[in-house]
Amino acid sequence: MPAKLSVNLNAIAMLRNRRDLPWPSLTRLGHIALEAGANGLTVHPRPDQRHIRFSDLPDIRALIDDAFPGREFNIEGYPSEDFLRLVEETQPEQVTLVPDDPAQQTSDHGWPFVEKADFLKAAVARLKRQGFRVSLFCDPDADRATLAAAKETGADRVELYTGPYGACHDDSEKAAKELEKLGKTADTATGLGLAVNAGHDLTVANLPPLARRIPALAEVSIGHGLTADALEFGMAETVRRFLKACEG
């Protein structure tokens with residue numbers, strides 16, 4: 001089965017927030033993406049609400065429940081008490097925990113699973129009690145001991161940070177090396193019983209090699225590249241292009 005596609009709405013929200021106006025509409029574009037075949041929608045609500053606003057979450061939840069039952073809502077964030085309460089109020093299908101400082105522009109590294117073991121176990125247990133699938137952001141070159149510590153948290157999945165791979169868009173030799181790092185990490189993770197997601201700077205060009213190298217890839221979450229393509233091709237056609245890329 002090809003990896004499922006979750007459309008990250010953050011970049012659309014950032015564009016909307018440039019003006020005090022209700023467009024572009026997250027729910028309208030989310031509807032178009034889901035109608036075109038995306039499996040779900042992803043958001044990363046940061047404390048300063050610089051893109052996704054807390055008030056967006058109920059609307060996105062209602063869109064999926066009312067129009068696309070069976071599709072998924074994935075919420076990313078650092079597991080502060082405020083974030084955990086927000087997630088519990090929204091009831092997403094998946095929660096992806098990231099080790100971001102609130103001031104970071106975007107997620108750019110995975111968890112130090114050994115160092116943060118107790119902290120993550122507590123957060124994962126709380127989320128699992130609510131019935132959420134839990135994924136943990138993971139470095140692309142995590143070793144077996146690191147991934148074993150991730151497994152010990154009780155999480156269901158890791159999401160491989162593909163930023164370094166995406167940055168090699170103009171260097172095929174370096175991209176191949178970064179891809180192999182991701183592949184080896186995914187092999188180890190699946191061997192330990194963790195499902196594997198991926199996300200960051202994925203495009204219709206670099207996604208097929210990733211899908212071929214990691215045939216068990218469960219899900220990709222894509223925002224910036226997909227939104228950029230949507231400006232050129234439209235949201236529906238862009239989703240179809242990314243779905244095709246997920247096939248490898």
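**Figure 1. Strand 2 and strand 3 lie side by side in this predicted model.** Strand 2 (residues 40-43) and strand 3 run parallel and are joined by 4 bridges, where two strands pair if DSSP finds at least two bridges between them. Helices (H or I, at least four residues) and strands (E, at least two) are DSSP runs, numbered from the N terminus. Within this pairing, valine 43 stands opposite isoleucine 75 in strand 3. Between the two strands the chain passes through helix 3 (residues 56-67), and this β-α-β crossover is right-handed, a term used if, with the strands pointing away from the viewer, the path from the first strand over the helix to the second runs clockwise. This is a predicted model, in which local features need pLDDT of at least 70 and side-chain atom pairs count only at pLDDT 80 or more, while totals for chains, interfaces and linings use all residues. Residues are numbered from 1 along each chain as its sequence is written, and side-chain values use heavy atoms, with hydrogens and water left out.

**Figure 2. Strand 3 is mostly covered.** In strand 3 (residues 72-77), 6 of its 6 residues are buried, which is to say under 20% relative accessible area, whereas exposed is over 50% and partly exposed lies in between (1.4 Å probe, protein chains only). Glu72, Asn74 and Glu76 point one way from the strand, while Phe73, Ile75 and Gly77 point the other way, and all are buried. Strand 3 also pairs with strand 4 (residues 94-97) in the parallel sense, over 4 bridges, and threonine 96 of strand 4 is the bridge partner of glutamate 76. Together, strand 3, helix 4 (residues 81-90) and strand 4 make a right-handed β-α-β unit.

**Figure 3. Threonine 90 is found in helix 4.** Why does threonine 90 count as buried? Threonine 90 counts as buried because its relative accessibility is 9%. A polar atom of its side chain lies 2.9 Å from the backbone oxygen of leucine 86, and a polar contact is a pair of N or O atoms within 3.5 Å, of which, within protein, one must be able to donate a hydrogen and the other to accept it, and residues adjacent in sequence count only if both atoms are side-chain atoms. Leaving aside its neighbours within four places in sequence, threonine 90 is in contact (heavy atoms within 4.5 Å) with Leu57, Arg61, Phe73 and Ile75.

**Figure 4. Helix 10 has buried residues that pack against other elements.** The buried residues of helix 10 are Gly225, Leu226, Thr227, Asp229 and Ala230, and these residues pack against strand 1 (4-8), helix 1 (10-16), strand 8 (219-222) and helix 11 (235-246). Helix 10 is followed by glycine 234, whose phi is positive, near 90°.

**Figure 5. The protein as a whole gives the setting for these views.** The secondary structure of the protein comes to 11 helices and 8 strands. Of its 248 residues, 51% count as buried, and the C-alpha atoms fill a box of roughly 50 × 40 × 35 Å, taken along the principal axes.
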